[in-house]
Amino acid sequence: MSKNQKGLKLKDNLDLSKSKNEDNLLGVYKSQNEDELIGAYKDWALLYDKDNDDVLGTVSQPNSVKIFHEYLKDSKLKIIDVGCGTGLVGLELKNLGFSNFDGIDLSQEMIDIAQGRGYNSLFLGNLNKSLPIGSNSYDAALCVGVFTHGHVGPERFSELVRIVKPAGIICFTINENVYESQGFDIAIKHLESINIWKVLDIRKHDYMVKKNVKGIYCVVKVT
Ligand SMILES: C[S@@+](CC[C@H](N)C(=O)[O-])C[C@H]1O[C@@H](n2cnc3c(N)ncnc32)[C@H](O)[C@@H]1O
């Protein structure tokens, strides 16, 4: 374990010096506001899974769930997938034997596709506002592909913490190209310094392999 310039503990293979996503191809990244983002996902929903495989080579869903599973073995624990999209994380959870998970997303069209992918309940919600979920409702949360260009910033970590029970686990990804520029690195360290969570794992790993973009994968324990 080493530290980056700002003192955040990092796995030794986490090299933040390179930032490779220069093309910014995805229409969703360019959204200027929530209505545009909802519209962009409405247009993309039917092709999302295919593009993830064929165009982007997205591996964040299996990678996240694999890392999550390293820290959470009890398949009965109650999990929320925040920004569940079409349910690709749900499919991975189901494959690993998890059976008690819900999904929430900003886009009804994405949620519609997630039906039948193992979620107990799927509902609309906006992480940039207060989610329609009580405090301390879940044993764990996953949030994959949501902390990225034009989506959600580090100031909303607090909402994930709110809905997860003390000692619960949160596993999230951050696109490498917003990690430092949007202050995710500082926020993660700050929340640890004020005892909101303990960072269990942080690593840089493949994210969209066909775009040569990596992601930061983080697992924290709520204190
Ligand atoms: C890149 S997709 C990732 C979907 C899924 N987690 C996956 O890994 O395939 C981002 C998802 O986050 C959702 N999203 C974006 N902003 C959001 C917000 N403020 N609140 C809730 N969901 C949001 C989008 O609708 C979209 O389904």
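Of the 223 residues in the protein, 41% are buried. The structure described here is a predicted model. Its secondary structure consists of seven helices and nine strands. Among the contacts in the protein with a separation of 6 or more, 69% are between residues 24 or more positions apart.

**The sheet**

Seven of the strands make up an open sheet with mixed pairing, and their order is β5-β4-β3-β6-β7-β9-β8. The edge positions belong to β5 (122-124) and β8 (197-208); each has a single partner strand, so one side of each is left without a neighbour in the sheet. From one strand to the next, the twist averages 15°.

Within this sheet, β3 and β6 run parallel and are joined by three bridges. Ile80 stands opposite Ala141, a residue of β6. Helix α7 packs on the sheet and touches β6, β7, β8 and β9. The direction of α7 makes about 160° with that of β8.

| Element | Residues |
|---|---|
| α7 | 184-193 |
| β7 | 164-175 |
| β9 | 213-222 |

Which residues of α3 are buried? They are Leu88, Val89, Gly90, Glu92 and Leu93. An α-helix has 3.6 residues a turn, so residues three or four places apart point the same way. The buried residues of α3 pack against helices α1, α2 and α4 (108-114), and also against strands β3, β4 (101-105) and β6. Just after α3, Gly97 has a positive phi of about 95°.

**The shell around the ligand**

The ligand has 22 residues around it, of which Gly83, Gly85, Leu106, Leu127 and Gly145 come nearest. By class, eleven residues of the shell are nonpolar, ten are polar and one is charged.

Which elements each supply at least two residues of this shell? They are the helices α1 (34-56), α2 (60-71) and α3 (88-95), together with the strand β6 (138-147). The largest share comes from β6, with three residues.

Key:
Residues numbered from 1 in each chain as written. Predicted model: local features only at pLDDT ≥ 70, side-chain atom pairs only at ≥ 80, totals over all residues. Near = placed C-beta within 6 Å. Helix = DSSP H or I, 4+ residues; strand = E, 2+ residues; numbered from the N terminus. Nonpolar A, V, L, I, M, F, W, Y, C, P; charged D, E, K, R; others polar. Pairing = 2+ DSSP bridges. Axes fitted to C-alpha atoms, helices over the stretch in contact; angles between N-to-C directions. Contact = placed C-beta atoms within 7 Å. Buried ≥ 20, exposed ≤ 12 C-beta atoms within 10 Å, placed from the backbone.
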